[in-house]
Amino acid sequence: MLEGKAKVEDTDMPVKMQMNALNIASQSLDLFDVSDCQPIAAHIKKVNYSFSGLVTSSLANFFWGQNQEFDERYGSGWQCVVGSNFGCFFTHSKGTFIYFHLGTLNFLIFKGATL
């Protein structure tokens with residue numbers, strides 16, 4: 001795991017939610033290859049994504065059972081962008097945004113604003 005190696009660039013999330021984001025991102029990097037950004041982002045958001053044989057089902061079940069990912073824990077509407085080079089422009093709900101680096105990847109997690 002890469003705990004303690006994340007660098008938060010910007011956030012307005014409560015500290016507990018930030019720690020959850022960093023922990024889930026770290027777990028995702030243990031489960032998936034760093035070049036597979038889509039399953040990493042899907043895991044953080046909690047989309048039922050196929051593991052494509054990358055990990056055993058018992059290991060997958062262990063990690064999936066350890067944390068409630070963002071949609072389940074904090075309600076629907078979460079977005080997650082993972083990659084080494086991306087740009088974006090978005091509107092988010094107050095208190096639901098974090099942008100950080102972990103390893104060689106950048107993570108952007110936010111809940112879309114409701115109009």
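Guide: Strands (E, at least two residues) and helices (H or I, at least four) are DSSP runs, numbered from the N terminus. Two strands count as paired if DSSP finds at least two bridges between them. This is a predicted model, where local features need pLDDT of at least 70 and side-chain atom pairs count only at pLDDT 80 or more, while totals for chains, interfaces and linings use all residues. Residues are numbered from 1 along each chain as its sequence is written, and side-chain values use heavy atoms, leaving out hydrogens and water.

Let's go for β4, residues 105-112. To get your bearings, the protein has four helices and four strands, and from the N terminus they run β-α-α-α-α-β-β-β. The strands make an open sheet in the order β1-β3-β4-β2, with antiparallel pairing. β1 (7-11) and β2 (78-83) sit at the edges with a single partner strand each, so one side of each has no neighbour in the sheet. On average, neighbouring strands are turned by 15° against each other, ignoring direction; the axes are lines fitted to C-alpha atoms (for helices, over the stretch in contact), and angles run from 0 to 180 degrees between N-to-C directions.

Now the two partners of β4. On one side is β3 (92-102), joined antiparallel to β4 by seven bridges. Phe-97 has Phe-110 as its bridge partner in β4. These two strands form a hairpin with two residues between them, and Gly-103 there takes a positive phi near 65°.

How covered is the strand? Seven of the eight residues of β4 are buried, where buried means under 20% relative accessible area, exposed over 50% and partly exposed in between (1.4 Å probe, protein chains only). Across the protein, 39% of the 115 residues are buried.

Helix α1 (residues 15-31) lies across β1, β2, β3 and β4, at about 40° to β3. Helix α2 (residues 37-45) also packs on the sheet, touching β2 and β4, and its direction makes about 150° with that of β2. Much of α2 is tucked away too: Pro-39, Ile-40, Ala-41, Ala-42, His-43 and Ile-44 are its buried residues. At 0% relative accessibility, Ser-28 counts as buried.

Leaving aside residues up to four places away, Ile-109 touches Met-13, Ala-21, Ile-44, Phe-70, Trp-78, Gln-79, Cys-80, Thr-96, Phe-97, Ile-98 and Phe-100. Ile-109 also belongs to the largest nonpolar core, which has 22 residues; a core here is a set of buried Ala, Val, Leu, Ile, Met, Phe, Trp, Tyr and Cys residues joined through side-chain atoms within 4.5 Å. The members that touch the most others are Ile-40, Ile-44, Phe-70, Val-82, Phe-100, Phe-107 and Ile-109. At least two core residues come from each of α1, α2, β2, β3 and β4, and α1 gives the largest share, with seven. In soluble globular proteins, nonpolar side chains tend to be buried together.

One last stop, around the end of α2. Lys-45 makes a salt bridge with Asp-71, the closest N and O atoms lying 2.7 Å apart; the term covers a side-chain nitrogen of Lys or Arg within 4 Å of a carboxyl oxygen of Asp or Glu. That pair links distant parts of the chain, with Lys-45 in α2 and Asp-71 in helix α4 (residues 70-74), 26 residues apart. Just after α2, Lys-46 takes a positive phi of about 85°. The whole structure has two salt bridges, and Lys-7 with Glu-9 is one of them, with the closest N and O atoms 3.2 Å apart.

Technical notes. Contact means heavy atoms within 4.5 Å.
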